[in-house]
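What follows is a report for a reader who is meeting this structure for the first time. Please keep the sequence and the model in view while reading.

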Amino acid sequence: AAKEGAPREAATAALLGHAQAVGTLLGAMARTPHGGPSSLANAALHAAADLVAAGGAGGAAGWMLVRALLSLPTEWLSAKPRLTRLYALLKGALASPPPEVTPKRREAVEAELHARAHALHALRAFLERMPESAALPLLKPVTSTFVPPSLALLAACREHAPRLMSEPFRAAYMLFRARLYEVLLALPSSALTAKVLNVVMPLVVADIVEPANTHGAICTALASMLAPADAVLAPATAPDAPVASLLCEPLRGATCAEAEGSCEWLVELRGGSHATSEGACLDAAVGLFGAVFRLQTSDVRQQLLGHLGNAAARVTKESKPSTGGGFFGGGGSDAAKDEAPSGLVNICAALLGSLQRLATKPSRSALRPELTPAFAAVLAPCLAEPDVSVRRGAAQAVGLLGQLLGAAYADAFSTAAAKLLTDTKAKEEARAGHALALGLLLSSSAPAAAAD
């Protein structure tokens with residue numbers, strides 16, 4: 001069986017490699033001065049349909065081509081024959097009822113999870129890249145026809161998870177969840193009904209606060225949320241790194257941000273935690289948590305903050321004490337810096353992402369001062385965390401709360417922070433975190449102060 005498996009794996013890798021190469025060329029067509037022949041894109045669409053129909057590795061390759069085609073100009077995509085073909089592909093993969101989920105059918109369910117994950121990935125790209133005039137008529141069938149079968153499969157897998165889990169099944173299950181979260185995040189907020197959230201949110205919260213859910217994965221979302229202005233507190237490269245490594249060379253790794261934005265598989269090929277199913281699931285969970293938090297009432301927000309606060313307290317209790325460090329540095333010894341990242345990264349990312357969404361797009365349900373203690377329960381451990389990225393994220397959250405809750409919160413936090421900063425027995429990390437938070441709080445309230 002092992003001898004038979006090796007050629008099959010090689011053939012699968014070759015198929016996916018060819019699909020990635022063709023997809024990258026399709027992505028480049030939109031950025032060449034004169035584009036490319038429409039016949040080539042049409043041929044790729046027909047090939048994608050054939051590959052998807054074949055299933056298995058062929059399905060994965062086919063959906064990769066679909067994602068590449070969605071990077072082409074909207075004029076080509078919006079043509080009715082192509083739009084109809086794309087919709088038919090998505091409908092064939094996502095509208096059918098899910099298979100029965102039982103331990104005896106584990107391999108069939110695992111294959112279904114993979115197939116739907118690839119289709120959901122393409123659906124997310126479709127929702128994000130299609131012009132509103134083309135996507136708007138399709139939103140209702142997407143929410144009423146495509147999403148419910150995937151929610152049913154998610155609920156069934158969650159119910160039978162203890163008897164189904166194996167490493168291959170777990171990877172498929174995590175990837176499927178990641179892609180479903182991403183689709184829900186790309187849909188209008190009206191699609192996040194109570195029926196949907198009752199299925200999804202228990203898993204989303206558990207992914208963020210329970211390390212075992214994602215094999216201790218750490219999200220990459222926090223890094224993209226941090227303000228670049230205070231990045232000097234945590235340089236990306238070591239002080240003694242060669243000067244060449246500090247230069248801006250976007251093509252040094254054979255890719256650049258624009259290429260990766262068009263061809264997501266280039267990011268996947270680069271590897272790292274963001275390319276694993278656990279990392280993808282966790283990043284998507286953080287994003288969906290923030291979107292849901294923005295929409296909820298104070299009572300529900302209190303519950304969500306309670307989950308984050310309890311998890312933060314648990315992480316702090318289980319973590320080892322810091323051995324000290326510079327006032328603004330990362331804290332800890334060199335050995336401590338080599339340890340796994342803090343579990344507070346995920347919690348801080350969920351809180352900061354939620355507040356950023358509220359600040360960017362205010363909710364009908366305004367943030368209320370009664371939530372201040374719940375916010376403090378999450379922020380206090382994060383502001384004292386040796387990991388400087390967590391402190392930066394928590395400090396930014398304090399600044400945003402100053403904007404959202406007003407002068408009463410700013411005054412209360414400033415008083416508490418001033419007391420801590422003068423306490424010589426306080427942890428250096430806590431003093432550094434509160435000092436940065438005070439600075440961001442003052443800068444966030446500066447326009448209001450000037451107006452007064």
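Among the contacts in the chain that join residues at least 6 apart in sequence, 79% link residues at least 24 apart. The model is a predicted one, and its secondary structure comes to 21 helices and zero strands. Of the 452 residues of the chain, 44% count as buried.

**The nonpolar core**

The largest nonpolar core has 126 residues, and the members that touch the most other members are Leu123, Ile208, Phe289 and Phe375. Once its neighbours within four places in sequence are left aside, Leu123 is in contact with Leu90, Leu94, Val142, Phe146 and Val183. Phe375, another of the core residues named above, is also one of the residues touched by Leu351.

Leu351 itself is placed in helix 17, which covers residues 344-360, and with a relative accessibility of 2% it counts as buried. Not counting residues up to four places away in sequence, Leu351 touches Leu305, Leu308, Phe375, Val378, Leu379 and Ala397. Leu351 and Val286 are 65 residues apart in sequence, and their C-alpha atoms are 8.7 Å apart in space.

**Aromatic rings and charges**

How many aromatic pairs does the count come to? The count comes to four aromatic pairs. In one of them, the rings of Phe289 and Phe293 have centres 6.4 Å apart and planes at 20°, so the pair is stacked, given that planes under 30 degrees apart count as stacked. These two residues are four residues apart in helix 14 (residues 277-295), and therefore they are separated by about one helical turn. Phe289 and Phe293 are both buried.

The rings of Tyr409 and Phe413 have their centres 6.2 Å apart and their planes at 20°, so this pair is stacked as well. Tyr409 and Phe413 both lie in helix 20 (residues 407-421), where they are four residues apart, or about one turn of the helix. Both of these residues, Tyr409 and Phe413, are buried.

The charged end of Arg301 sits over the ring of Phe293, at 5.6 Å from the ring centre, and Phe293 is the residue whose ring is stacked with that of Phe289. The charged end of Arg177, in turn, sits over the ring of Tyr173, at 4.8 Å from its centre.

**A buried glutamine**

Is Gln396 buried or exposed? Gln396 is buried, with a relative accessible area of 11%, and it lies in helix 19, which covers residues 388-405. The side chain of Gln396 reaches the backbone nitrogen of Ala227 at 2.6 Å.

**Cysteines**

A disulfide is a covalent bond between the sulfur atoms of two cysteines. A search of the whole structure finds zero disulfides. For Cys382, the closest cysteine sulfur is that of Cys348 at 4.7 Å, which is too far for a bond because the two sulfur atoms of a disulfide must lie within 2.5 Å. Cys382 is buried, with a relative accessible area of 2%, and Cys281, at 0% relative accessibility, counts as buried too.

**Helix 6**

Helix 6 covers residues 106-129, and His114 is found in it. Ala115 lies in helix 6 as well. His114 is partly exposed, with a relative accessible area of 30%, and Ala115, at 38% relative accessibility, also counts as partly exposed. Not counting residues up to four places away in sequence, His114 touches Ala172 and Leu175.

| Pair | Separation in sequence | C-alpha to C-alpha distance |
|---|---|---|
| His114 and Met174 | 60 residues | 9.8 Å |
| Leu351 and Val286 | 65 residues | 8.7 Å |
| Ala115 and Leu94 | 21 residues | 9.0 Å |

Terms used: Residues are numbered from 1 along each chain as its sequence is written. This is a predicted model: local features need pLDDT of at least 70, side-chain atom pairs count only at pLDDT 80 or more; totals for chains, interfaces and linings use all residues. Side-chain values use heavy atoms; hydrogens and water are left out. Rings of Phe, Tyr and Trp (its six-membered ring) pair if their centres lie within 6.5 Å; planes under 30 degrees apart count as stacked, over 60 as edge-to-face and the rest as tilted. Buried means under 20% relative accessible area, exposed over 50%, partly exposed in between (1.4 Å probe, protein chains only). A charge sits over a ring if NZ of Lys or CZ of Arg is within 6 Å of the ring centre and within 35 degrees of the ring normal. A nonpolar core is a set of buried Ala, Val, Leu, Ile, Met, Phe, Trp, Tyr and Cys residues joined through side-chain atoms within 4.5 Å. Contact means heavy atoms within 4.5 Å. A polar contact is a pair of N or O atoms within 3.5 Å; within protein, one must be able to donate a hydrogen and the other to accept it, and residues adjacent in sequence count only if both atoms are side-chain atoms.
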